[in-house]
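Hi everyone, thanks for coming. Let's take a friendly walk through one structure together, so please have a look at the screen.

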Amino acid sequence: MLPVTPLGAIPPLAMPWFVELALTGLVEQLAAAQLFGTVEGAFTGAREREGVFARAMHGGDRRKPHAGAQVTGGIVFLDEIGDLPPSLQPQLLPVLSGGAFYPLGAEGHPDKKLVYRGNVISATWRDLAQEDFRADLMFRVAGTVIRIPSLNERHEDFPEILDAIERGVTNSIKEKIESLKFADPMTMDRESLDRIGAVSPLSTQDRASLKGTDWDAYGNIRGLRRAVEAVLISGLPVQEVIEQLKPIGNDRTATRADEELLADLLSGGSARGGLAAHVRQVEHERRLALQDRLRTDPLAVQKLAKKLNVSEKEVKKQLHSLSRRRLADD
């Protein structure tokens with residue numbers, strides 16, 4: 001069994017040439033700006049700003065690059081690479097192939113061209129081979145693959161992992177309470193804050209319930225941490241907290257069966273008097289879930305438009321019709 005360092009006891013990395021970017025939830029323009037940087041006037045309100053590759057190249061100071069950046073060339077960690085918008089995947093290819101890239105707004109200006117010669121590390125919980133992820137890009141980001149076992153495969157380590165998370169969450173709560181005490185000493189009720197900060201440890205029953213949960217469905221370590229935070233802060237029973245967790249994947253991609261059902265609904269609606277008449281045949285809860293997936297997942301919209309041989313605009317128009325009907329039904 002490997003020793004586990006308590007969360008919250010890990011000092012921040014003193015490596016300015018190691019730059020991390022989480023791609024989850026970023027809109028296309030923001031993700032491009034974060035990756036490649038911008039020049040002033042690239043879009044409304046844009047200022048000159050470096051992206052993660054440029055920052056890793058020099059470690060925070062272009063005039064005096066950090067020694068670590070000079071030795072390594074910089075390291076960029078792209079978390080959840082599977083969430084990279086499809087339109088940005090071709091733009092990342094040149095960086096991984098030859099290192100060349102342009103900040104947004106500087107395309108075609110040779111004097112603005114940058115070359116990144118460092119390393120790129122990426123992580124994802126998705127199976128990229130099963131996603132709409134470019135094969136040529138996947139081969140470049142997956143040169144060396146390290147598979148991290150899920151919590152479901154680490155039963156022997158689970159107690160120590162849970163201990164580390166519990167300590168980290170408890171310390172974080174206490175630190176926030178202490179900072180509140182000194183924020184405005186004249187008005188803060190210290191006794192009330194002390195009561196809030198007196199976090200009760202997880203019970204034996206809580207720990208057993210957490211260990212028996214299928215964490216693959218809730219994001220593994222991240223899901224476990226969210227659950228522990230909720231239990232320690234709210235005092236709710238573990239099972240109630242777990243029931244409130246959102247299974248991963250429901251807000252990102254539809255299953256093949258869902259896609260085919262939606263495609264059938266969309267294609268049938270145009271031929272037989274409107275989509276709403278067909279939607280009534282679908283169980284109410286499933287219909288709402290499928291609509292939510294389309295609204296939050298541009299990739300699903302692209303898939304459906306391609307399957308039906310219609311424009312994405314038409315799919316979104318039908319989706320809007322569905323949403324209006326949903327409001328009327330609710």
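Predicted model: local features only at pLDDT ≥ 70, side-chain atom pairs only at ≥ 80, totals over all residues.

Residues are numbered from 1 along each chain as its sequence is written, and side-chain values use heavy atoms, with hydrogens and water left out.

Now find Gln89, in helix α4, residues 89–97. Helices here are DSSP runs of H or I with at least four residues, strands are runs of E with at least two, and both are numbered from the N terminus. Leaving aside neighbours within four places in sequence, Gln89 is in contact with Leu84, Asp132, Phe133, Arg134 and Leu137. Is Gln89 buried or exposed? Gln89 is buried, at a relative accessible area of 2%. Buried means under 20% relative accessible area, exposed means over 50%, and partly exposed is in between, using a 1.4 Å probe and protein chains only. The Gln89 side chain also reaches the backbone nitrogen of Arg134 at 2.9 Å.

Compare that with Arg226, in helix α9, residues 221–234. Arg226 has 39% relative accessibility, so it counts as partly exposed. Its side chain reaches the backbone oxygen of Tyr218 at 3.2 Å.

Next, the aromatic rings. Rings of Phe, Tyr and Trp (its six-membered ring) pair if their centres lie within 6.5 Å; planes under 30 degrees apart count as stacked, over 60 as edge-to-face, and the rest as tilted. The structure holds five such pairs. In one of them, the centres of Phe36 and Phe53 are 6.2 Å apart with planes at 20°, so this pair is stacked. Phe36 sits in helix α1 and Phe53 in helix α2, 17 residues apart. Phe53 is buried, with a relative accessible area of 0%. Phe36 and Phe101 have centres 6.1 Å apart and planes at 40°, so that pair is tilted. Together, Phe36, Phe53, Phe101 and Tyr116 form one aromatic cluster.

Last stop, the sheet. Three strands make an open sheet in the order β1-β2-β5, with parallel pairing; two strands pair if DSSP finds at least two bridges between them. β1 (18–22) and β5 (119–123) are at the edges with a single partner strand each, so one side of each has no neighbour in the sheet. How many bridges join β2 to β5? Five bridges do, and Asp79 has Ala123 in β5 as its bridge partner.

How values were computed. Polar contact = N/O pair within 3.5 Å; in protein donor to acceptor, adjacent residues only side chain to side chain. Contact = heavy atoms within 4.5 Å.
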